[in-house]
Amino acid sequence: MPMGIKRTHDWLVSSDISGEILRACLSITDWLNSLKSDEGSFVTLRDVSRVVEGQANEDEMLAALSILTTSDYALLDVHGYLDDFESGPLVLDDCAFRSAIIEGVLIHPATGDEVPDPETHLHLFYSLRAEVLD
Amino acid sequence: MILKTLNSMRKRMSWTDARVLLLKAGIEPGLGWNKTIEKIKQLPVQPDAGPLQDQVIEHILCGQKFTKLYPLNPKDRTALQAKLVDQKIPDIAAALSFPNHLTEDQLIEHPGGFSPVSVESDDDGIGLVFSSAFQMKKREDIPFEEFGHPDEIRARYDEIVGVTFQWEQIMSVIWVPHHRDNIELRIDYPKGMTQDAIHALHSQLRELVNSLGVVKLVKAINLFPAVRNFYDDKKEGRVTEIMFSTTTGGIKNEKIIKRRGQIDQRDETYHLAGKAGLDTEINLYRVTVEWSFTEDNLFFKPSILLAATGPSGKGPGGEPTISGAVIGGCVRAADYEFVIERLGQKVKLTA
């Protein structure tokens, strides 16, 4: 197991997190550890749902993902893409993603226009942090 | 003045490119075009439009182009460059407002065909810039509220889309480099322009070059050899899309969605496993390569797309041919020149 993933695993086991959320965190961590090097680049909620199926409900899964993206021992980065009818998924750069999440303003990367109903068009995905594989 | 420039940028380039140009010109963009323009309007002193206009000119020369290369006999170079410089620029709105784009009303009055609007030069070469008015098919969402019974319509449809035909200003360039033995014909290739349309425009521009009486352009250089050469050279940029056929009867289009990551389609696990299952080579006929540079905390991402219409054709050994490349993501002339140099090496053009 790469050191970064092991550190997160050990921290989770010794932390105050408990119950289904802990189980979900550990399942996701184990699953990430099992992936080939490039397979953690585009992890969708569908992938994670399959991993925690039968162990955690959707709220618990999202709580686990939140821990795994924001804690000091985070394994994942979170990103967003916009569904565009003509171009397919358009990945947002960090600045556009931040404004969509924090300010609720989603700017179309091609037109520069504000996209109405951002929650309908914005989709999250996760990627394994490169540094945790060291 | 700067508002005209901003509106021109909004018409001709993606927001992603525009943000980089604004930051390069020392203007902090807001969230999207509307807020950026509003923010600049409220400044007590409007920023000087000059630096931004220089960058718009570079974008007109290099941004999002469909480029065809034609062989140039070095002995014709000076005469052809002189001919470009000597072209009379007519007193038409497109030339008078250059590098700003025309308004929709002005575009309706634009003369047909290619109108010369400026001669530009830099360390790389000399170019004659043309403006054309081109009708593009556009899709736009129609809000439910525009219908008599919006709730009924909303219950029935997720989205309502209208199609309109709008005039757009297309900028084209005849570029004669100082050090490469090719004439480059570069034409704007905005989203929504069809392959047929871009090739038709290229044919007209080629005839325009021939009418200058210095060279006779016949056939664009076949860029197809670069497809395999880009794919095989794993040190060359990052391949983000490929299309190929297999002897099992499959046509595969593989893309990397995470554009700014390190994953390369050439080494992607799924791609390698698929290839490993075959006894025969894949027949590549489309490739996109991206490069990434960071300078002064700005991120530049030039790219090239080479696409044939299918896996075989009338080229050497039954290969398809590719007469033009889509060179995108270039906000500076240096980005474009970098890509064209790489293309030259991969097609194995002599310098």
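Two strands count as paired if DSSP finds at least two bridges between them. With that in hand, here is a tour of a predicted model, where local features need pLDDT of at least 70, side-chain atom pairs count only at pLDDT 80 or more, and totals for chains, interfaces and linings use all residues. Residues are numbered from 1 along each chain as its sequence is written, chains are lettered from A and ligands numbered from 1 in the order in which they are written, and side-chain values use heavy atoms, with hydrogens and water left out. Helices (H or I, at least four residues) and strands (E, at least two) are DSSP runs, numbered from the N terminus.

**The chain B sheet**
- Arg139(B) has Val163(B) in S4(B) as its bridge partner.
- That pair of strands, S3 (residues 125-141) and S4 (residues 161-177) of chain B, runs antiparallel and is joined by 17 bridges.
- Zooming out, there's an open sheet of 10 strands, antiparallel, in the order S2-S3-S4-S5-S1-S12-S11-S8-S6-S7 (chain B).
- S2 (115-121) and S7 (251-255) of chain B sit at the edges, each pairing on one side only.
- From one strand to the next, the twist averages 25° (axes are lines fitted to C-alpha atoms, for helices over the stretch in contact, and angles run from 0 to 180 degrees between N-to-C directions).
- Helix H10 (residues 225-232) of chain B packs on this sheet, touching S6 (238-245), S8 and S11 of chain B, and its direction makes about 65° with that of S8(B); contact means heavy atoms within 4.5 Å.

**The chain A sheet**
- Chain A has an open sheet of 3 strands with antiparallel pairing, ordered S2-S1-S3.
- Its edge strands are S2 (88-91) and S3 (122-128) of chain A.
- S1 (residues 76-84) of chain A is tied to S2(A) by 4 bridges, and Leu82(A) stands opposite Leu90(A) in S2(A).
- Helix H4 (residues 58-70) of chain A lies across S1 and S3 of chain A, at about 115° to S1(A).

**A helix pair in chain B**
- H2 (residues 15-24) and H4 (residues 50-62) of chain B pack at about 145°, with axes 9 Å apart.
- Asp17(B), Leu21(B), Leu22(B) and Lys24(B) of H2(B) meet Leu52(B), Gln55(B) and His59(B) of H4(B).
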